[in-house]
Amino acid sequence: MPAALRIKLTKEEDKTLQELSLADNVARRVKIRAIALRLNADGLTVPMIAGHLHIHEHTVRATLHRWENLGLGGLWEAPGRGGKRKWSLEDMNVVEQWLEEERSYTSRQLQERLSAERGISLRTYFYLYLVH
């Protein structure tokens with residue numbers, strides 16, 4: 001069985017993590033990671049933290065390892081993660097304008113117009129969500 005993961009926080013680190021976990025302008029994942037680190041430093045085990053926060057044990061372990069390797073910077077997602085934005089703000093404004101002009105678009109018609117005029121290709125499940 002591997003050794004239990006345990007981190008130690010300075011008073012300053014603990015205060016910073018507490019502030020991050022309560023901040024309004026911080027992503028939910030960052031808040032959860034900050035809370036997980038504080039709980040671990042207080043003596044809770046990985047399974048206890050996972051159960052308390054309703055996240056997978058692997059996520060807790062990864063958070064602890066990221067803290068050990070990257071420190072505070074490890075709380076945030078690495079650049080380039082996730083899907084790339086396919087829509088611009090201008091595209092959204094154009095769609096809103098189309099819908100203001102004529103509200104009787106079907107999902108298929110809107111998808112076809114976006115493809116023809118804006119070069120945006122939507123999957124079926126996405127454009128159904130967009131219109132409904």
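Residues are numbered from 1 along each chain as its sequence is written, and side-chain values use heavy atoms, with hydrogens and water left out. Because the model is predicted, local features need pLDDT of at least 70 and side-chain atom pairs count only at pLDDT 80 or more, whereas totals for chains, interfaces and linings use all residues.

The chain contains seven helices and zero strands, where helices (H or I, at least four residues) and strands (E, at least two) are DSSP runs numbered from the N terminus. Its pattern along the sequence is α-α-α-α-α-α-α. The chain has 132 residues, of which 30% count as buried. Buried means under 20% relative accessible area, exposed means over 50%, and partly exposed lies in between (1.4 Å probe, protein chains only). Of the contacts between residues at least 6 apart in sequence, 49% join residues at least 24 apart; a contact means heavy atoms within 4.5 Å.

Two packed helices are described by the angle between their axes and the distance between the axes. Axes are lines fitted to C-alpha atoms, for helices over the stretch in contact, and angles run from 0 to 180 degrees between N-to-C directions.

Helix 1 (residues 11-22) packs against helix 2 at an angle of about 145°, and the two axes are 8 Å apart. On the side of helix 1 the contact is made by Asp14, Leu17, Gln18, Leu20 and Ser21, and on the side of helix 2 by Lys31, Ala34, Ile35, Leu37 and Arg38. These residues divide into five nonpolar, two polar and three charged. Here Ala, Val, Leu, Ile, Met, Phe, Trp, Tyr, Cys and Pro count as nonpolar, Asp, Glu, Lys and Arg as charged, and the others, Gly among them, as polar. The crossing of helix 1 and helix 2 is left-handed, a term used if the near helix is turned anticlockwise from the far one by less than a right angle, with right-handed used if clockwise.

Ile35 belongs to helix 2. With a relative accessible area of 28%, Ile35 is partly exposed. Neighbours within four places in sequence aside, Ile35 is in contact with Ser21 and Leu53.

Helix 2 (residues 28-41) also meets helix 4 (residues 57-70); their axes come within 10 Å and cross at roughly 85°. The two helices are therefore roughly perpendicular to each other, since angles under 35 degrees count as roughly parallel, over 145 as roughly antiparallel, 65 to 115 as roughly perpendicular and the rest as oblique. Arg33, Leu37 and Asn40 of helix 2 make the contact with Thr63, Leu64, Arg66 and Trp67 of helix 4. Three of the residues in this contact are nonpolar, two are polar and two are charged.

Helix 4 is also packed against helix 3 (residues 46-53), with axes that come within 8 Å and cross at roughly 115°. This crossing is right-handed. In helix 3, Val46, Pro47, Ile49 and Ala50 meet Glu57, Val60, Arg61 and Leu64 of helix 4. The contact comprises six nonpolar, no polar and two charged residues.

Leu64, in helix 4, is buried, with a relative accessible area of 1%. Not counting residues up to four places away in sequence, Leu64 touches Leu5, Ile7, Leu37, Asn40 and Val46. The C-alpha atoms of Leu64 and Val46 are separated by 9.2 Å, and the residues are 18 apart along the chain.

Two loop residues were also examined. His54 is found in the loop between helix 3 and helix 4, and at 71% relative accessibility it counts as exposed. The phi of His54 is near 60°, a positive value in a residue other than glycine. Leu75 is placed in the loop between helix 4 and helix 5 (89-101) and counts as buried, at 2% relative accessibility. Beyond four places in sequence, Leu75 touches Leu17, Leu20, Val30, Arg33, Ala34, Leu37 and Arg66. Leu75 and Arg29 are 46 residues apart in sequence and 8.1 Å apart in space, C-alpha to C-alpha.
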